[in-house]
Amino acid sequence: MRVVISIGGSVLAPGLDAGRVAGHAAAVERLVEADCEVGAVVGGGGVARDYIGAARRLDANEVQLDQIGIDVTRINARLLISALGDRAAPSPAHEYEGAGEALRRGDVAVMGGVMPGQTTDAVAAALAEYVDADLLVYATSVDGVFSADPDADPDAEQHARLTGTELVDLVAPMSRGAGASAPVDLLAAKLIERSKMRTVVLDGTDPERVAAAVLHGDHSGTDVVPEGSHDPERWT
Ligand SMILES: Nc1ncnc2c1ncn2[C@@H]1O[C@H](COP(=O)(O)OP(=O)(O)O)[C@@H](O)[C@H]1O
Ligand SMILES: O=c1ccn([C@@H]2O[C@H](COP(=O)(O)OP(=O)(O)O)[C@@H](O)[C@H]2O)c(=O)[nH]1
């Protein structure tokens, strides 16, 4: 099985905790040992937002802010690479071909951001499509896609299952300035819709949840399923 995992910066390195990064690397290693080919795309989290906030106060424009965000995602990617050691390609791929080549060599391919105007959510969706992944997993700080921001609205209800088109409709109205927050960005949702990529959005605070979702189809987040898929069971 080939899987792309998007590890949000808020999940990988909320406080630059080496033990937490090691836990995510261990979950990736478990997948490799179970014969999965793994691409991991790492986000910038709070550190990226802090840098973006400071640069915005210094009047940097949105593209410059995005470039700062990309640099932070690549630093976080290097943290995960440090924890993966020989399992991973030695540096974060800056484009999809490099990540694809790493997978072909049998390495874990690790990426951060690639270009302004998007987030690592879109990088993960594009990488998943590029390498013909069987599954795309977003490990984020909330357990799936909700009707509203669950951190702000206690009445927000989780969607157990969405089609790609429903995901696009849900995230389309959300604001997307540099450093903004949404379960996945609009470009990612459009790529998922277009590629019909089987996708899971889940709480990845505990990295074992990611491994359980990939290996056993066992999770409590949101399944994004191809249009016209009527199977009421979760995939396995
Ligand atoms: N409708 C929604 N469903 C789920 N999460 C949402 C929604 N709207 C906003 N969010 C926010 O999106 C955040 C997840 O994205 P983000 O903070 O960028 O995490 P990551 O570091 O994983 O990319 C959550 O903290 C949540 O508050
Ligand atoms: O391909 C990319 C990836 C990231 N970013 C920038 O880097 C920030 C941090 O990336 P991340 O994916 O963590 O975004 P978040 O989920 O925090 O919005 C984003 O907000 C963007 O400003 C970008 O411009 N292009």
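## Close-up views of a predicted model

View 1. Helices (H or I, at least four residues) and strands (E, at least two) are DSSP runs, numbered from the N terminus. H4 itself has 23 residues and spans 33 Å from first to last C-alpha, close to the 33 Å expected at 1.5 Å a residue; the expected span is 1.5 Å times one less than the number of residues. The model is predicted: local features need pLDDT of at least 70, side-chain atom pairs count only at pLDDT 80 or more, and totals for chains, interfaces and linings use all residues. Residues are numbered from 1 along each chain as its sequence is written, while chains are lettered from A and ligands numbered from 1 in the order in which they are written.

**View 2. The shell around ligand 2.** Of the 24 residues around ligand 2, Gly43, Asp66, Gly69, Gly113 and Thr120 come nearest; a residue is near a molecule if its C-beta atom, placed from the backbone, lies within 6 Å of it. Two or more residues each come from helix H3 (45-57), helix H4 (62-84) and helix H6 (120-130). H4 contributes the most, with five residues. By type, the shell holds nine nonpolar, 13 polar and two charged residues. Here Ala, Val, Leu, Ile, Met, Phe, Trp, Tyr, Cys and Pro count as nonpolar, Asp, Glu, Lys and Arg as charged, and the others, Gly among them, as polar.

**View 3. An open sheet of seven strands.** The order is E3-E2-E1-E4-E8-E9-E7, with mixed pairing; two strands pair if DSSP finds at least two bridges between them. Strand E3 (109-111) and strand E7 (161-163) are the edge strands, each pairing on one side only. Strand E1 (residues 2-7) and strand E2 (residues 37-42) run parallel and are joined by six bridges. Arginine 2 stands opposite glutamate 37 in E2. Helix H2 (residues 18-33) packs on the sheet, touching E1 and E2, and its direction makes about 155° with that of E2. Axes are lines fitted to C-alpha atoms, for helices over the stretch in contact, and angles run from 0 to 180 degrees between N-to-C directions.

**View 4. Glycine 45 in helix H3**. Glycine 45 counts as buried because it has 22 C-beta neighbours inside 10 Å; the term requires 20 or more other C-beta atoms within 10 Å of a residue's own, all placed from the backbone. Beyond its neighbours within four places in sequence, glycine 45 is in contact (C-beta atoms, placed from the backbone, within 7 Å) with Gly8, Gly9, Ser10, Leu12, Ala13 and Pro14.

Conventions. Two residues are in contact if their C-beta atoms, placed from the backbone, lie within 7 Å. A residue is buried if 20 or more other C-beta atoms lie within 10 Å of its own, exposed if 12 or fewer, and partly exposed in between; C-beta atoms are placed from the backbone.
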